[in-house]
Amino acid sequence: MNRSMQFGSEIIVIGGGVIGLATAIELRLMGAEVKVLCKDFKAAAGHAAAGMLAPQAEQILTGSMLDLCLASRELYPEWVRKIESISGVDAGYWQCGILAPRYHQVDKSIQWLDMATIHDRQAGLSESIVGGYWYPADGQVDNRALIRSLFDASQSLGIKFLDGLEVTNIRHNCGRVTHLETSQGDITAQHYILATGAWSQQLLPIPVVPRKGQMLSVLVPTEQIAYLPLQQVLFGEEIYIVPRRDGKIIIGATNEDVGFTPQNTPRGVQQLLTNATRLFPILQDFPIHESWWGFRPATPDQLPILGSSPYDNLTLATGHHRNGILLTPITAKLIADLVWHQQADNLLSAMSYQRFNPC
Ligand SMILES: Cc1cc2nc3c(=O)[nH]c(=O)nc-3n(C[C@H](O)[C@H](O)[C@H](O)COP(=O)(O)OP(=O)(O)OC[C@H]3O[C@@H](n4cnc5c(N)ncnc54)[C@H](O)[C@@H]3O)c2cc1C
C-alpha cells in the first residue's frame, strides 16, 4: 500500500534552506501536500555558501560520506535541470573543474599536476605554487541562484512557504510528535521533517552546532569581463576562490567556533584577502563587491544526520556542515523516498542520529 494512503498526505518541513526546500519539492512531486515553516529565510546558510560541488577537492576520505557526496555530484546535472524547468530560474550549475594549488610538494596522486603544468593550466597563480591537484568532475552551482530557483519551483508547485514563523517546541507523546508549538500557534501534520540546519539543537538534542564562515566577493573589472581571468575554482590552502560566469568572484571562507555571533570582522576579512591575493595576486586590484557570513551546521564526525528520529513521524535532514549545497539532491531524494515510499537506501545507515547514542 502506498504510504500516503496509510497516513494521509500532509507533511510539514521545518526549515526553508536548500535542504528543506529541495525535500519539500521532491515530496510534492510524489503527491504529498507540503508546508514549509521557516524562522528566517534570509539567514539560511544556503545564501551564504560558495556553491562548490567538491567531494574530491575537499579530500573526503573513502567511506560512506564520500559515497554520499559522489552520488549527489552525479545527480546534480539532471536534478538541477528538473528544478530549473519547474521554476524557470537558472541555478548557475557549472562543471568547471576544481584546481587545488599547493605551496609545498606533497604526495603525488593521479590528479597531481607538476609546476609547469599547473601554471600552464592557470595563468596568474602565485609564483610560489609548486604543483597541485586537478579535479575535473568537481564544479559549482551559484547557490544564491539555486535557492531562488528552489523557492520559485516550490511556489509553482503550490507548496505553502511560511517565512517568519519559528517552531519553538516539538511536542510528543508515546513516541509520536503530536504537534508543533510555533510563534503563530500550534500546528499539526501527519509527518514532520526537521531541516533546521545550524539551529537544529534548539529543537532536538542532536549534536549539530554552528560553524561560522565569513566570505566576500570581488568583481572582474569591466575591461576583462570578456575573457574571464578565472574559469575554474581554485581550492587553495585555507582559501578558495570561486569564479561565477557573471564576473563575480567569491572568496571564502573562515571556519570559526563562535556560536551564532554575526557580522564580518577585520580579522576574518583580512585572512580572506591575504590568502586569496597570495594565491592569485591579480585579485588585489579588483573592486570589492560584498562581504557576508553564515553558519554551517556541523556535527562531531562531519557527516549529516539523515533518516529516522526518536519519533515515528519525524524524519531528520540536518547537519550537512561544509557540503550541504553538494548534498542537496541526494538528501532530497533519500528523505523523500524514506518518508513517502518507506524505502531506506543503504546510504542512510551511516547517517543515523543513533550513532551518537547507540544504546
Ligand atoms: C560560508 C559558507 C560556505 C559554504 N560553502 C559551501 C560550499 O561551497 N559547498 C557546499 O556544498 N556547502 C557549502 N556550505 C554549507 C551549506 O551552505 C550548508 O550545509 C547548507 O546550506 C545547509 O542547508 P540547510 O537547509 O540544512 O540549512 P540552512 O540553509 O541554514 O537553512 C535552515 C533554515 O531553517 C530555519 N530554521 C532554523 N530553526 C528554525 C525553527 N525553529 N523554526 C523554523 N525555521 C527554522 C532557518 O531560519 C533557516 O532558514 C557553506 C556554508 C557556509 C556558511
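## Strand pairing in the sheet

Two strands are taken to pair if DSSP finds at least two bridges between them. In this predicted model, Ile12 has Lys35 of β2 as its bridge partner. Strand β1, residues 10-14, and strand β2, residues 33-38, are parallel and are joined by five bridges.

Both strands belong to an open sheet of six strands with mixed pairing, whose order is β8-β2-β1-β12-β19-β18. The edge positions are held by β8 (160-163) and β18 (305-308); each has a single partner strand, so one side of each lacks a neighbour in the sheet. On average, and with direction ignored, neighbouring strands of the sheet are turned by 15 degrees against each other.

## Helix packing on the sheet

Helix α2, which spans residues 18-30, packs on this sheet and touches β1, β2, β12 (191-194) and β19. The direction of α2 makes about 170 degrees with that of β2.

A residue counts as buried if 20 or more other C-beta atoms lie within 10 Å of its own. Leu327 has 28 other C-beta atoms within 10 Å and is therefore buried.

When neighbours within four places in sequence are left aside, the contacts of Leu327 are Leu68, Cys69, Ser72, Pro304 and His320. Of these residues, Cys69 lies 258 residues from Leu327 along the chain, yet the C-alpha atoms of Leu327 and Cys69 are separated by 6.1 Å.

Terms used: Residues numbered from 1 in each chain as written. Predicted model: local features only at pLDDT ≥ 70, side-chain atom pairs only at ≥ 80, totals over all residues. Buried ≥ 20, exposed ≤ 12 C-beta atoms within 10 Å, placed from the backbone. Contact = placed C-beta atoms within 7 Å. Helix = DSSP H or I, 4+ residues; strand = E, 2+ residues; numbered from the N terminus. Axes fitted to C-alpha atoms, helices over the stretch in contact; angles between N-to-C directions.
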